[in-house]
Amino acid sequence: MSQEHDESIEIQQLASLKPTHFADLIRTAQLVFDPASGVSGRYVEVDWQEFGMSDNVAENLKSLGEQYRYASPGISSEIVWSQLTPETRTWFIKNKDELWKFEEIFPALDED
């Protein structure tokens, strides 16, 4: 495939993604980095493959989560997209409408 064709596909993929998808991705990345949600003394070990994430995707998201651990999820989509590996981009597009579920699986302890 040519670089022009690859860029065309990438633009089409980006067009299908909304800011809420990127916000959900950032929150998911934060949870992959720290599934205990920053609670001191609490350690949670997660097999991310059970959630459909390869080790490579989990590592990419963990890195992203560490970088943005204290950030609000409203980071520019272009910045986030540029930090995703091709494998993570594919996973993200495939799972974009399901990412909000990670926050339900790993709720903050202070929620009612």
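**Figure 1. Helices H2 and H3 cross at roughly 100°.** In this predicted model, the axes of H2 and H3 come within 7 Å. Axes are lines fitted to C-alpha atoms, for helices over the stretch in contact, and angles run from 0 to 180 degrees between N-to-C directions. H2 and H3 are therefore roughly perpendicular to each other. Angles of 65 to 115 degrees count as roughly perpendicular, under 35 as roughly parallel, over 145 as roughly antiparallel and the rest as oblique. From H2, the contact takes in Leu25, Ile26, Thr28, Ala29, Gln30, Val32 and Phe33. From H3, Ala58, Leu61, Lys62, Leu64, Gly65 and Glu66 meet them. Contact means heavy atoms within 4.5 Å. By class, the residues of the contact of H2 with H3 are eight nonpolar, three polar and two charged. Ala, Val, Leu, Ile, Met, Phe, Trp, Tyr, Cys and Pro count as nonpolar, Asp, Glu, Lys and Arg as charged, and the others, Gly among them, as polar.

Figure 2. Glu66 lies in helix H3. At 41% relative accessibility, Glu66 is partly exposed. Buried means under 20% relative accessible area, exposed over 50%, and partly exposed in between (1.4 Å probe, protein chains only).

**Figure 3. Helices H3 and H5 cross at roughly 95°.** The axes of H3 and H5 come within 9 Å. H3 and H5 are therefore roughly perpendicular to each other. H3 contributes Asn56, Val57, Asn60 and Leu61 to the contact. H5 contributes Glu87, Thr88 and Trp91. The residues of the contact of H3 with H5 divide into three nonpolar, three polar and one charged.

**Figure 4. The largest nonpolar core has 25 residues.** A nonpolar core is a set of buried Ala, Val, Leu, Ile, Met, Phe, Trp, Tyr and Cys residues joined through side-chain atoms within 4.5 Å. Met53, Leu61, Trp91 and Phe92 have the most contacts inside this core. Helices H2 (19-33), H3 (55-67), H4 (77-82) and H5 (86-95) each give two or more residues to the core. The largest share, six residues, comes from H2. In soluble globular proteins, nonpolar side chains tend to be buried together. Leaving aside its neighbours within four places in sequence, Trp91 is in contact with Leu25, Gly52, Met53, Val57, Leu61, Leu99 and Phe102.

**Figure 5. Phe102 is buried in helix H6.** H6 spans residues 100-105. The relative accessible area of Phe102 is 7%. Neighbours within four places in sequence aside, Phe102 is in contact with Thr28, Leu31, Trp48, Phe51, Met53 and Trp91. Phe102 and Phe51 are 51 residues apart along the chain. Their C-alpha atoms are separated by 9.1 Å.

**Figure 6. Ser16 sits in the loop between helices H1 and H2.** H1 covers residues 3-15. Ser16 is partly exposed, with a relative accessible area of 30%. Apart from neighbours within four places in sequence, Ser16 is in contact with His21 and Lys96. Ser16 and Lys96 are 80 residues apart in sequence. In space, Ser16 and Lys96 are 9.6 Å apart, C-alpha to C-alpha.

**Figure 7. The protein has six helices and zero strands.** Helices (H or I, at least four residues) and strands (E, at least two) are DSSP runs, numbered from the N terminus. Of the 112 residues of the protein, 32% count as buried. Among contacts with a separation of 6 or more, 72% join residues 24 or more positions apart. The protein averages a pLDDT of 82, and 75% of the residues score at least 70. pLDDT is the predictor's confidence in each residue, from 0 to 100. Among the elements, H1 has the lowest mean pLDDT (59) and H3 the highest (96).

**Notes to the figures.** Residues are numbered from 1 along each chain as its sequence is written, and side-chain values use heavy atoms, with hydrogens and water left out. Local features need pLDDT of at least 70 and side-chain atom pairs count only at pLDDT 80 or more, while totals for chains, interfaces and linings use all residues.
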